[in-house]
Structures are given as C-alpha cells and as structure tokens.
Amino acid sequence: MMNPSSTQVQQAQLAMILGSDLAPFETLISHLMSSSNDQRSAAESLFNFAKQTDPNSISLKLAHTLHSSPQMELRAMSAILLRKLLSRDDSYIYPQLTPQTQSSIKSILLSAIQREDTKSIIKKLCDTVSELASSILPDNGWPEFLPFMFQCVSSDSPKLQEAAFLIFAQLAQYIGNMLTPYIRELHTVFLQCLTSSSNADVKIAALSAVINFIQCLSNSSDRDRFQDLLPAMMHTLTQALNNGQEVTAQEALELLIELAGTEPRFLRRQLVEVVGSMLQIAEAESLEEATRHLAIEFVITLAEARERAPGMMRKLPQFINRLFAILMKMLLDIEDEPVWHSAETEDEDAGETSNYSVGQECLDRLSISLGGNTIVPVASEQLPSYMAAPEWQKHHAALISIAQIAEGCTKVMIKNLDRVVSMVLSSFQDPHPRVRWAAINAVGQLSTDLGPDLQVQYHQQILPALAGAMDDFQNPRVQAHAASAILNFSENCTPEILLPYLDGIVSKLLVLLQNGKQMVQEGALTALASVADSSQEHFQKYYDAVMPYLKAILVNATDKSKRMLRAKAMECISLVGMAVGKEKFRNDAKQVMEVLMSLQGSELESDDPTTSYMLQAWARLCKCLGQDFLPYMNVVMPPLLHSAQLKPDVTITSADSDNEIDESDDEGMETITLGDKRIGIKTSVLEEKATACNMLCCYADELKEGFYPWIDQVASTLVPLLKFYFHEEVRRAAVSAMPELLRSAKLAVEKGLAQGRNEAYIKQLSDYIVPALVEALPKEPDTEICASMLDALNECLQISGPLLDQNQVKSIVDEIKQVITASSSRKRERAERSKAEDFDAEEGELLKEENEQEEEVFEQVGEILGSLIKTFKASFLPFFDELSSYLTPMWGKDKTADERRVAICIFDDVAEQCREAALKYYETYLPFLLEACNDVNSDVRQAAVYGLGVCAEFGGSMFKPLVGEALSRLNVVIRDPNALQSDNVMAYDNAVSALGKICQFHRDNIDSSQVVPAWLNCLPIKGDLIEAKVVHEMLCSMVERSDRELLGPNNQYLPKIVSVFAEVLCAGKDLATEHTVARMVNLLRQLQKTLPPATLASTWSSLQPQLQLVLQSILSS
C-alpha cells in the first residue's frame, strides 16, 4: 500500500492533469511515450491511478485529445491508450463509465473518424472504434453505429470508405454473427466498391473486409452468395499490377493467400481462372520478386490446404506443370561465388539468391502436399532437358530439385529408383564442382528419404562414387559434402552392407581428418562417427588407427575458431566408444573423461556448441561404461540440470505492430502467431533444453538404481515440462523419463540403496508423476506424443500400480474416456474429409497414415486398461462398467480391425483376471466373442479364440450351453487350409489351446472320443510360445493320469504322443518349461520300462529318424 503522503501527492497531480489547462495532460501523454525508463514508469503509475480513481474524466480527456489535439503523436498515443481502456481484458473500464460519458465517447469517436486526415492515425482510430463496437454492439449498446458505417461506405469520400471497410474487416473477425443479417447490403456495397472505386487503398480495405466476412460465414450457401465477387477481388490485384502499384498488389496477394488457406473451397468453382492469373504473375519477369513470390505462395497454399479441400489441386495437372517449370527456373538464379570454392567458411549457400531459396523451399512443399503420383511424372518430363543442357546452372537445378521432391514422392520414386540413381550418379563426373556438390547432396537426401531400399539395391554404385568424391582435393567443399553424405547413407543401412566398404571408407576419412580445411575435417569426423555407429563391433579393427587422431583433435583444437571441430571430435569419440564396447574403449575412456571434465569446469560462451555436444557425449560414455560411470555423475549432473531448467527466451509483440521481429535478421529466432500476439522464441535455447532432457532420460534408463541420488531433482525438473508447449522434443523426453524415474526408485528401494527409504518413497514419487501424466494427456496437441504418454502411463502402472488409490484410478479412467472421445471425433472429421468432391486415392493414402497413428493411441488405451485390470482385479469392475458404453461400440463391424481386437483383449483380461466376478458379463460379450472367432482379420481371430479358452476355463455353467457353438467356431479356424501360414499361425495356436481347455473343463459336454484325439492331432504348436508351454503342460498332465480318450483304444495314439514329446524336447526350452521337459523325459523313461517290447519298437519306428536320435540321446543320458 502507498503511504498517505505519496497518495496525497498523486491526488494533487491528478487534479492538475484533469484540470481545464490541457498542458499537464499532454505532458503526461508524452511522458508515457518517453524513452527514459524513470520518466515513463512515473507517468504509468500516475495514469493507472487516474484510471482507478476517475475513469470518466481520464476517458473523456483521451477522447478529446484524440479528436482535437494539433499534435499528431498525441492523437496517435491517445487512440492507443483509449483502445486499451475499451478492450475487453483486464483494463476494460467501459461498464464503469456513466451513461453520459459513454454517450460522449461514442459520438466523439465517430466525429473523429470524419475529422482525422492522417493515415496512420485513422488506422489506430479504426482499431479503437472496432474494439468498442465489438464489445457493445451485441447488446445493442450503439444503435447509431451501423447506420453511420453504411453511410461512410456509400459516401464519396475515399477516406471514410476506407475507414468503414477497415472497421468491417475487424468486426467480421470479432463479431461476424452480428453482421450476418446485413449480408445483402454488405454484398452490394462490396461489389460496388470493388468494381467501381478508383482508390487503391479503399479497394484493399474492401478486399480485406470481404475476405474476413467470407471466413466468418459458417454456412456454405451464405458463402456461395459471394462467389460473384471473386472476379472483382482478382481484378483488384490485376489492376494494381497494371497501374504499377506493386505495394498494393502485394497487400492484395497477402489477403488472398489468407483466403486460400482458410476457405480454399470458396475458390473451387473459379479455380482455373484464379490459379491461371497467379501463375501469370509468377511468370512475369518484369514484376518485383516479392510480388512473384507471393503469387507462388498463393498456389502452394492452395495445394497445402489438404484438410479443407483435399485433392482439389491435383485436378489441375496443366497448372502443376507450369508451376514446376516456374520453380525450376528460379533455381537457375544462382551465382558462382568465389567464397564457395575457397571453402574457408560455412557459406554453403554462397551465390544463392532469394529466388533460388524460394524455388527450393516450394518444390519441397509442393511435392509433400501433392504427392509422388502427381509430381514425379511432371519432373520426369521436365528434368531431362535440364540435364542435357550445356549450362552448369541447369544441371545443378535438376539435381537440387530431385533432392527437394524426394520426401513428398518417396513411394513413387522407390518404384523408379533406377532412373533417379543413374541421373544423379552420372553427375558425379560433371566438370563443374557445384554440380558435383549437388549430386552428392542428392545422394544424401535420397539416402534419408528412400532408405533403406536405396542402400540395399545401389550400395555397389553409391559408396564407391562417394569414396571417389572424397579424393577431390581441388574442391574441399565437395570432399566435405561427400563425407557428410556417407553419414546419411549409413544411418539407414545394415552393418552387412557397409562391411565390404569399411576398409576403403575409413582409410579415406583418416586422410581427410589431416586436411588443412576445417570443414573437411568436420565432415570426416561426422562420417566416422556415423560409420562406427552403423557398423558397431565391426569397427573394433579400426579402433587403434582412428582413436589417436580423435584424441589429438580433442586435446589440441582449443582455438575459438575450432570450437565446432572439437565438439565433433567429442561426438565421434563417444560414438566409437559405444560401437566397440567397454573393454576396448576402457583405457582411452579415462583420458577422454579428464579432458571433458576440465572443459566442463571452464567458462564456455553461451553460443559455444561444445555444451550441447558435451551433454550428449557424456550420456554415450555412460551407456558404454554402465555402472562404471557412476563416479562421474557428480560432475555431469549439475550443468545438465542447469540446461534442462533453461527458461525459453521469448519475446512477445502484437501481431499487427509495426516493429515486427524480422525473422531473417536473427537466424536463431522462430516466430509463431497466436491470436493477436506474435511470439518469438530463441531456438538454440530450446534445442539445448531438449538435448538435456533427453540425456536425463538416458542416464535414468542406463544406471537404473544407480540413478537414485538424482531422482528427486530430475523429477521436479521434468514433470512440469510435460506441458512445455514451445518444443515437442522437450515434452517427448519428459514423457519417456517418467517410467524410468519410477523404475530407478523401485530398484533402489528393493536393493537397499535408497538410504533407508521404503515403499512409501515410491508411492510419493508415483503420486507426483502419475497425476501429472494424466493431467497433461487431454492438453497434448500431437497424436504421436499422446500415444507415448499413454505408453509411459502404462509402464508407470506396471511399476507402481498397486500403490494407486481409488481417486487416482478414477482420474485415469476419466482421462481414458476423454482420449477415446477425442480420437473418435478426429476419425469422424477425417471421414468427413473423405466425402469432399475432389477426394482421391492419394488423399486416401494420407488419411490411412493419420488413422494408423490413431490406432496407436487406441492400442495404448487397451494396454492401460489391461494393466489396471491385472493390478486391481475385481475391484476395478465398477470402473469397467463406467467404460462399457465407450468400449462396446468398438466391437462393431464398422470399426477397424485394431479397434475390434483391442476391445476383445480388454474383455479377455476381465474374464481371466476377475474369474467368477466377471461371469455377469458373459451374456453381453460371449455372442460377440463367438462371432469374432471367424473374423477376416487374423489378429482379431487370435484375441477371440484366446478369450474363448479363458471363458471355457473360468466360465463353468455359464459357458456350458455354448460349448457346441464354440467347438464349431474353433473347428473353422483349425481346419482352415492356410491355418499354419505365418499370418494365421497365432490364431491357430490359440484355437488349439482353447480346444484343449474345452477338453479339460467341459469333457462331459463333448463327444470326447472324437474331440480329444482331434486336439492331440494338432500338437505340437510352435508359433505362440506362451500358449505352447500351457498346452504341452496340459498334454503332460493328461498322459500322467493315463487319460483314456487321449491314449485311445489299445493305446493306439501313443506313437503320436511320443512324437509330440520328441518334437517338444527337440526345441529345447522354447515349447515347454524346464519342469514340463523333466516330466516328459520321466514319462518316456516309464514307457520304455513298462511297454511290451513289440509296442515299443513299433512306436519308435513310426518316428522320423532325427527324432529317434534326439530321444535316444535324451533317454540314455
């Protein structure tokens, strides 16, 4: 609270600024704009005091100043301050004003619009008016406002017309539904202005109002009424260009791009004309680059509007051809800069123009949005002429475009690999080094996008070509790039493919390590690291040759210019260490750790890459050394926690402010626009934070109970980051770490390493982690991370499930309901999309991929419920009942196989874990289960027949009436001619197991002399190793009690039984537990002693020779 005397001072000041003399008030306003912090904050506190004590006077003073002050900056500042007071947020004071003041402010504002002539102030004034109108119009608080607006629009003053359209544009955004009743009047006004106004600013304001209005109309027939405005809207653009008003044209283009992104289908009927005009602009070389780039952006935006207009742009092949040609031409805009050749600095893009980079980026976006079936034919048609041309720029452009389209065209390019690879490899011999560089670049990109197919089919051509490029000592940049392409190639490659080439590649990389150019050395280090990582223990033979060089760089590269080189040496050493293993690496590890520890202790600059590389190197060394790493943890953890706790470096500005953060100025800034705020975030900080979080997870995973001393600090760092929405990687790492932390704690308590803490500690940790995961779930925007969260939650339940209380279980169940609901609504949305008029096969493919991610979510829901049922058994059933309305629909024929399977598995778990308590569900679920036994999908069949076995075992009299139908359903599965194919064998094995359980628990309800031998005939089962152990033990027990129907009349089935035993024993521990194996051997020995010799001999001779040998050796030992 302020002391009384300072309040008195403020009241005296207040009396002055609100007095009749204008000067003190104007001084206050100018102090609010002051660059001196002290002056500004004093003015702010006085202004806030005025706002609280006398809102009426301060609002009127601002309104009068805005209306009548001769000084422009005072009028402008007053408009901004008044808008803040009239905005519906924390400082909204309009309702506190007297009716008299409210009425004065409204009329002063309308009068000011008529009076003001300065353009920038009119815009601010329109913002203020829009803000107030959108707050009070819905309650009819400004009846004279809309008549005034229509009057302005139809006046002959361009200034008033522009102001009215600017305000309409904002109202459409804020309170569009208030304008809908005036749809006819607005349509007339818009059309009239767009066709007949000669003033460019008025037209742009009208265009912006039209576009915002179209976006606010929720009903498509209303939107269609505006179709006839589209030619006039486009005419605004072309007219501005014909009059040489490119700034106006660019404003129009930006507005049309917004429309293309949000309402692409509005453009559909006139798509040919609209896209045609845009491509004409893009082709017009007389126009400014910025204008042409915006026209291209418009067409690409339409292609990317997949969710709103799926498949629409693929219907225009002639345009795609034209656009591709335009983008290819832009790639020719490249200079042959000398700095590129000297390779002293990282200027990879020396000589690339803005045209070049737009062309490059748009090829990538176009191919991702339209897909390979559309893009590859166009590329195949246009690229050969580029490859055949004499100019190096054309060869370069063709190779760059291949690399750019690969990600979007993966599936189609894999089918045409031969053409693609030969085009790229032929350019390795091109006379121009930049073309050779582009060819290597294409190989690197294709290795990533088309791997592992490319690696498997073309390693014999590609690896020798890259090795040859590493010998290009005249062109160090080409050498360095060849080394980094080795990295891309080996990341998607099995050790077997690399092995024959390792000698050659490693020896060349060692030569490059000693090169004078730093970028070549760095490339070689990265490649060595990757080759070691891919070849694992096969790298041991190169270790002694490579490690001394790596250590030398680590120790000697101390100069600031060599920071990156040293960082890459760290990375390489740690990956080599992991590849060759602890024994080989141990002697050098100690020395490497010493260097890292001394670096860790030194003061590193904030932009030094060493920090991030060091965090990762430590974690790899830990993976390599395991528990031997524990002594170093005290050195490693403090800086790691510091990095994980970094606050994001965020700047927030208003989205329409003039001092926009210019993205190009600062490479390390990323901006996102949320509502009317523009948020800039420093990416390097986020990346370091994400790396650190990932490393924490690695340590917990690797060190298990050894990680105990750090658990509390790490948990309190990572749990809040489950909701860190600035960076996906940070959330992903935090999610993965949750079960690892619980597991470390549990192991430490069990092994007595938790400084005397007991199970209460695990519960305390679980009570912190589990609710946090549950709470983050519904807020997670990314489906993939959502699935990981469910997976992590499930792991946590398996570790600490029994420690949860009722409320925690309830909150998990409530979240699961939300997850199922959200997932279903996403699926519905996709189904809607598939009904769009231009929906085609490519869109169908993409939808299928999105739905597969959705299945992953559902799969995890099933796993979690399974864990809860196994943990809480019958006491979970009340929750199961709550969920049944969510789960029962999943059995439906209209659901995917995955959904049906998960629903069945959940019921199987309930029946198996809750036994008698689950009998009440049989009536509902058994009919479903029986039907699903013959589902077309083998996974669904497997889950269903497994469930039948469970119900046969525990269902008693509830199951009895269904035995007959169950047998015939199982019979269909078992007798299917393809039953033993790899896709079907799991269902077959589970059906055999279920049949065995019916024989065991319902013998009196079956024709056992038929069914038991039929079951025996199916043995042994070899696909599902868990069921195999159950079934073969059951067989053993039946033989031990001389089961009559099993042995058959006169023991006629004995040879089959002996043969099954022999096959099971042959398989070692796979098909039976050790205990069962011992019982089988015993039984066979008894038979040997008790059977008449003739029977024994005929039983023996019926076996295959190799089984006879196995049995002889087992029985004689």
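**Burial, cysteines and backbone features of the predicted chain**

Cys 409 is buried, at a relative accessible area of 0% (buried is under 20% relative accessible area, exposed over 50% and partly exposed in between, with a 1.4 Å probe and protein chains only). The structure holds zero disulfides, a disulfide being a pair of cysteine sulfur atoms within 2.5 Å. Cys 409 is accordingly in no disulfide, and the nearest cysteine sulfur, that of Cys 362, is 15 Å away. Cys 697 is likewise buried, with a relative accessible area of 10%. The closest cysteine sulfur to that of Cys 697 belongs to Cys 698 and is 6.2 Å away, which is too far for a bond.

The model is predicted: local features need pLDDT of at least 70 and side-chain atom pairs count only at pLDDT 80 or more, whereas totals for chains, interfaces and linings use all residues. Residues are numbered from 1 along each chain as its sequence is written, and side-chain values use heavy atoms, with hydrogens and water left out.

The chain contains 54 helices and three strands; these are DSSP runs numbered from the N terminus, helices being H or I of at least four residues and strands E of at least two. The C-alpha trace spans about 125 × 75 × 70 Å along its principal axes. Of the 1117 residues in the chain, 54% are buried. Contacts (heavy atoms within 4.5 Å) between residues at least 6 apart in sequence join residues at least 24 apart in 72% of cases. The chain exposes about 48,600 Å², of which carbon and sulfur atoms supply 51%; accessible areas come from the Shrake-Rupley method with a 1.4 Å probe, and for residues only the protein chains shown count as cover.

Helix H35 (residues 711–718) has Ile 711, Val 714, Ala 715, Thr 717 and Leu 718 as buried residues. Viewed down the axis of H35, the buried residues fall within an arc of 165°, so they line one face of the helix; the arc is that of the directions from the helix axis to the C-beta atoms. An α-helix has 3.6 residues a turn, so residues three or four places apart point the same way. The cover over the buried residues of H35 includes helices H33 (633–644), H34 (683–703), H36 (728–750) and H37 (759–776).

Two further buried positions lie within helices. Ser 130, in helix H7 (residues 119–136), has a relative accessible area of 0% and is buried. Not counting residues up to four places away in sequence, Ser 130 touches Ile 167, Gln 170, Leu 171 and Tyr 174. Val 902, in helix H42 (residues 897–914), is buried at a relative accessible area of 4%. With the exclusion of residues up to four places away in sequence, Val 902 touches Phe 858, Glu 859 and Gly 862.

The backbone includes cis peptide bonds. One runs from Gly 451 to Pro 452, with omega near -5°, and Pro 452 lies in the loop between helix H24 (433–449) and helix H25 (453–469). Another joins Leu 1019 and Pro 1020, with omega about -5°; Pro 1020 is in the loop between helix H48 (1008–1017) and helix H49 (1025–1040).

Positive phi values occur in residues other than glycine. Lys 704, in the loop between H34 and H35, has phi near 45° and is partly exposed, with a relative accessible area of 27%. Asn 1050 has a phi of about 55° and lies in the loop between helix H50 (1044–1047) and helix H51 (1054–1066). At 80% relative accessibility, Asn 1050 counts as exposed.
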